[in-house]
Amino acid sequence: MTKQTFRTFVSALAMGASLFATQALAKSDITIAMQLEPPHLDPTSAAAQAIDSVVYTNIFEGLTRFMGDGSVVPGLAESWEISEDGTVYTFKLREGVTFHDGTTMDAEDVKFSLDRALAEDSANAQKALFAAIASVEVADPLTVTVTLSEPNGNFLFNMAWGDAVIVAPDSIDNIKTNPVGTGAFTFGEWVQGDSITLNRNPDYWGDQPALETATFKFISDPTAAFAAMMAEDVDVFDNFPAPENLPQFEADPRFQVLVGSTEGETILSTNNKQPPFDDIRVRQALAHAIDRQAIIDGAMFGYGTPIGTHFAPHNPAYVDLTGNSAYDPKKAAKLLADAGYEEGFETTLHLPPPSYARRGGEIIAAQLAEVGITAEIINVEWAQWLESVFKGKDFGLTIVSHTEPMDIGIYARPDYYFQYDSLDAQTLIETLNTTTDPEERNRLLGEMQRLIANDYVNGYLFQLAKLGVAKAGVQGLWKNAPTAAIDLTQISWSE
Amino acid sequence: MSRNLILGAVLSSLVLLAAVISFVWTPYDHAALNIPNKLQPPNARHWFGTDHFGRDTFSMIMVGARTSIAVALVAVGIGVGFGVPLGLTAAARQGSWLDEVIMRGNDLVFAFPSLVIAILITAVFGAGAINAIIAIGIFNIPVFARITRGAALSLWGREFILAARVSGKGAARISAEHILPNVANLLIVQGTIQFSLGILAEAGLSYVGLGAQPPTPSWGRMLADAQTMVSFAPHLALIPGLAIIVTVLGLNLLGDGLRDWLDPRIRVARA
């Protein structure tokens with residue numbers, strides 16, 4: 001090798017190295033792990049949170065959208081006007097928005113999407129969001145008029161849900177396997193049982209996201225989750241399933257831990273129609289028999305905020321009612337005796353897979369045993385839980401986290417699985433839905449919280465924490481989860 | 001007596017002793033939660049430390065021994081109770097349709113991987129110790145049926161059986177009075193081995209959540225619960241793991257030792 005060629009070789013090597021270095025800096029792909037795989041990819045026809053985690057704001061957008069702090073901002077609707085009486089919403093749509101299949105998104109598509117959700121045979125999991133809509137009319141290609149049957153203070157909030165996204169009429173038949181939306185990412189590939197890949201949409205109407213591709217990987221086992229994260233096989237774990245491992249991630253400079261709040265009220269759901277739980281004294285006894293802090297410490301390793309009613313503590317309308325059901329086993333035993341159960345009774349405790357339920361259930365069973373209640377633990381998978389508990393209402397007690405935002409309205413549905421039938425609650429929610437004044441709404445929400453806390457409908461345990469784990473260089477992750485979503489448009493790698 | 005036999009007997013009786021004592025005494029209540037006291041390493045107050053709910057691991061291991069032994073014992077009982085009569089019948093009616101039906105039925109059960117079927121049974125009929133016992137027990141039946149038939153067949157040709165037949169005893173009486181006592185050695189050895197397999201199967205089933213349900217402690221579930229905590233509380237996984245190893249090793253050594261000790265040929269050689 002001559003001196004000349006050696007120099008050329010070295011400089012070529014250096015160039016190659018620097019090229020490699022810049023590529024490494026501008027990392028534009030990310031692998032995000034989640035615990036559950038979505039059953040399909042249509043957020044408008046199923047309640048599964050995993051669907052929204054993948055598609056919300058990434059593939060599908062609605063008229064309005066949630067931001068990471070829970071605020072509702074314009075989405076596909078650029079602006080809107082509300083009539084004096086609060087019943088007519090005129091949405092002005094953004095111009096130049098196209099679906100991933102190239103068709104233009106216009107007022108007709110909005111009407112199609114809302115009518116589809118409203119339809120008699122609609123498969124939408126949250127029909128209540130649309131209940132107020134009387135009619136949807138197209139004024140011009142970029143203007144939609146939505147008329148409500150009565151004023152609804154929640155309407156813009158409702159339209160931000162994943163269940164209210166705008167879908168493309170042409171591709172609706174294949175939406176479950178090949179979702180076509182307007183978002184900044186297009187659907188790439190779904191390897192069943194393993195991962196879903198999304199690619200950047202070059203024709204996106206808004207700012208181009210920093211990421212080029214994103215892969216959602218499904219890891220259900222907590223041990224495997226820990227191993228995948230430690231081995232750096234995944235960049236982010238959206239909601240880490242094993243809280244006991246977080247201190248290790250915190251101590252490791254390779255990782256960051258984002259502890260935030262979710263909309264998940266974790267409750268000891270009680271079958272209000274099944275004796276002896278139809279007796280309020282028995283339900284109150286349950287409430288006093290439970291030591292919330294022990295459950296948070298034992299099951300969640302300290303992550304979680306105690307709640308005394310079905311409402312998120314980070315919401316301004318929250319009323320702290322934990323004192324209403326303070327841990328007091330003596331009082332619980334007395335209440336049971338008053339209700340005629342001096343000897344206690346036997347019931348079932350159905351536990352779905354998450355550790356808040358399985359571990360929390362063991363703790364609750366032990367606490368109930370102290371006041372004489374024998375709760376037989378029945379561990380179930382989610383499918384079984386949905387079938388026998390949620391649909392079949394065949395249970396005594398169960399533990400579950402209600403992760404939908406602002407879902408106190410479920411207490412006005414007597415056929416909901418815990419079967420709380422109270423005229424007061426139903427009237428209150430009705431009034432609430434037609435109230436638009438924020439202060440009055442907060443007052444009504446407070447009243448509702450007190451009502452269900454005083455009726456001891458369910459055992460209120462804690463607000464589920466969101467435990468995000470990510471590599472140190474990942475920016476723009478949502479710390480809290482105002483709705484189930486992994487907003488890829490905000491995520492980037494630091495240099 | 002061989003060293004194996006002694007070591008096996010010592011280890012097995014240690015576990016049995018722990019299980020028996022747990023009925024009258026454990027250091028702490030095995031089900032009592034004490035969450036502020038959780039995840040303690042082994043120390044003077046808690047010999048095996050405490051788990052993620054602050055329960056005393058030593059007490060849980062003692063009561064867990066009870067669970068393991070009970071499940072394995074009943075499962076072996078089912079195997080012996082059904083398998084031995086089936087094997088004796090098949091041998092007594094050798095070559096008949098009854099023999100065929102029994103032995104092909106056994107082949108059928110043998111053809112399935114036992115733990116997978118056990119998972120199926122517990123998944124269909126619900127998780128719990130009773131269903132685990134039944135699932136493990138069913139797969140013990142063909143083991144005992146085969147071994148009994150095989151040993152019995154060789155006996156049926158012997159002179160003393162012929163003598164019994166000549167004296168007018170029926171097949172059932174011969175099986176009970178002459179065949180059974182002569183195959184008992186084999187059954188005891190096989191029973192010990194099956195017992196250790198039963199303990200392993202119980203641990204496996206409860207590891208995947210299909211064995212005894214909480215709050216009943218079970219070694220397999222203790223292992224499963226400890227999985228995510230291995231890196232900061234290794235004792236929680238090591239201790240139930242060691243308990244399983246000690247028990248299974250002990251029973252296998254015992255089985256080996258018993259076989260050598262009871263085998264007439266070796267006995268003759270020794271004498």
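Is B:Leu115 buried, exposed or partly exposed, and why? B:Leu115 turns out to be partly exposed, because 16 other C-beta atoms sit within 10 Å, while a buried residue would need 20 or more and an exposed one 12 or fewer. Keep in mind that this is a predicted model. Here's a quick tour, starting with that residue and then moving outward.

**Around B:Leu115**
- You'll find B:Leu115 in helix 4 of chain B, which covers residues 114–125.
- Leaving aside residues up to four places away in sequence, B:Leu115 touches B:Ala201 and B:Gly204.
- B:Asp99 is 16 residues from B:Leu115 in sequence, and their C-alpha atoms are 27 Å apart in space.

**Chain B as a whole**
- Chain B has 11 helices and zero strands, so reading from the N terminus you simply get α-α-α-α-α-α-α-α-α-α-α.
- Along the principal axes, the C-alpha atoms of chain B fill a box of roughly 75 × 50 × 30 Å.
- Of the 271 residues in chain B, 46% are buried.
- Take the contacts in chain B between residues at least 6 apart in sequence: 72% of them join residues at least 24 apart.

**Where chain A meets chain B**
- Chain A puts 16 residues into the contact, and chain B puts in 16 residues.
- On the side of chain A that touches chain B, at least two residues each come from helix 5 (222–230), helix 8 (292–300), helix 10 (355–370) and strand 15 (374–379) of chain A.
- Helix 10 of chain A gives the largest share of that side, with four residues.
- Sorted by class, that side of chain A has eight nonpolar, five polar and three charged residues.

Conventions
Residues numbered from 1 in each chain as written. Chains lettered and ligands numbered in written order. Predicted model: local features only at pLDDT ≥ 70, side-chain atom pairs only at ≥ 80, totals over all residues. Contact = placed C-beta atoms within 7 Å. Nonpolar A, V, L, I, M, F, W, Y, C, P; charged D, E, K, R; others polar.
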